[in-house]
Amino acid sequence: LAVDEINQAGGVNGRPLELVIRNTRGEPERGARNTAELIDKEGVGMVFGGVSSAVAIASGNAARDRNTLYFGTLPYSNATTGEAGHRFMFREPYNAWMTAKALSKYLTANHADEKYFYITSDYTWGWSVEASVRKFSGTEDTEANPGVKTPFPRALISDFRKALEQAAASDAKVLMMVLFGDDMVRAMNIAYEMGLTKKMQIVVPNLTLGMVRQV
């Protein structure tokens, strides 16, 4: 819709816009290849996307190597514009640090001194969200507040069930589910079936309307 409106108004500097689309499948290597192809073969002037931070970082690096702007549309990892940042990388959403800082006000007021259990997607977004939430919630002691990592991408239902069984077996009062997209949807449905929504306070740091509707 935006491209249509811009083109109807004369384009950008008199030039019409065209969207050229590739699918990364959530794979960083494919994202980097797609970005290189879009720039080298299609001659695009800017690349945007990256539904995962790992894809955005890899794609942004490929764009940087070609002196082309990369605009991350859904990377929440601190690393995206932190240690992996560069002058060709921009982001649209807030980062993990901002997420944790906002959440900490509620967690401190309602769940201070309670034990946490973390289920975290095993890639850059998950790592940075967990680290940031632990810092702001005072749960950096991983023995007192344990956690498990789940594969990314392509985690199985069995991976989430195993992680949730460990959470259920703990005496944690707060279950921090650092999962996103379909992973969060599947894990939340399992947690509901297991009765964990009545036993623990479940917190999902990053939500989109689409995720909520699917759950």
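Buried here means under 20% relative accessible area, exposed means over 50%, and partly exposed covers what lies in between, with a 1.4 Å probe and protein chains only. The structure is a predicted model, so to speak of local features takes pLDDT of at least 70 and side-chain atom pairs count only at pLDDT 80 or more, while totals for chains, interfaces and linings use all residues. Residues are numbered from 1 along each chain as its sequence is written, and side-chain values use heavy atoms, with hydrogens and water left out.

Arg22 pairs with Glu42 in a salt bridge, the closest N and O atoms being 3.0 Å apart; the term stands for a side-chain nitrogen of Lys or Arg within 4 Å of a carboxyl oxygen of Asp or Glu. The two residues sit 20 residues apart, Arg22 in the loop between helix H1 (2–8) and H2, and Glu42 in the loop between H2 and strand E1 (46–49). Helices (H or I, at least four residues) and strands (E, at least two) are DSSP runs numbered from the N terminus. Glu42 is partly exposed too, at 42% relative accessibility.

The structure holds 11 salt bridges. One of them joins the side chains of Lys149 and Glu130 at 3.5 Å, N to O, and it links strand E5 with helix H5 (residues 124–137) across 19 residues of chain. Lys149 is partly exposed, with a relative accessible area of 43%, whereas Glu130 counts as buried at 9%. Asp183 and Arg186 also meet in a salt bridge, at 2.9 Å, N to O. Because they are 3 residues apart in helix H7 (residues 182–193), about one helical turn separates them. Asp183 is buried, its relative accessible area being 8%. Salt bridges with shared partners also tie Arg22, Glu37 and Glu42 into one network.

Next come the helices. H2 (residues 28–40) packs on H3 at an angle of about 35°, and the axes are 8 Å apart. Axes are lines fitted to C-alpha atoms, for helices over the stretch in contact, and angles run from 0 to 180 degrees between N-to-C directions. From H2, Pro28, Gly31, Ala32, Thr35 and Ile39 meet a set of H3 residues including Ala54, Val55 and Ala58; contact means heavy atoms within 4.5 Å. The contact residues split into 8 nonpolar, 3 polar and no charged.

H3 (residues 53–64) also carries Ile57, which counts as buried at 15% relative accessibility. Leaving aside residues up to four places away in sequence, Ile57 touches Ala79, Thr80, Ala84, Met89 and Thr124. Ala79 is 22 residues from Ile57 along the chain, and their C-alpha atoms are separated by 8.1 Å.

As for the strands, 4 of them form an open, parallel sheet in the order E5-E4-E6-E7, where pairing takes at least two DSSP bridges between two strands. Strands E5 (147–150) and E7 (201–203) are the edges, each pairing on one side only, and the twist averages 15° from one strand to the next. E6 (residues 174–178) and E7 pair over 3 bridges in the parallel sense, with Val203 in E7 as the bridge partner of Met176. Helix H4 (residues 96–111) lies across E4 (116–121), E6 and E7, running at about 170° to E7. Helix H6 (residues 157–169) lies across E4, E5 and E6, at about 165° to E4.

Technical notes. Nonpolar A, V, L, I, M, F, W, Y, C, P; charged D, E, K, R; others polar.
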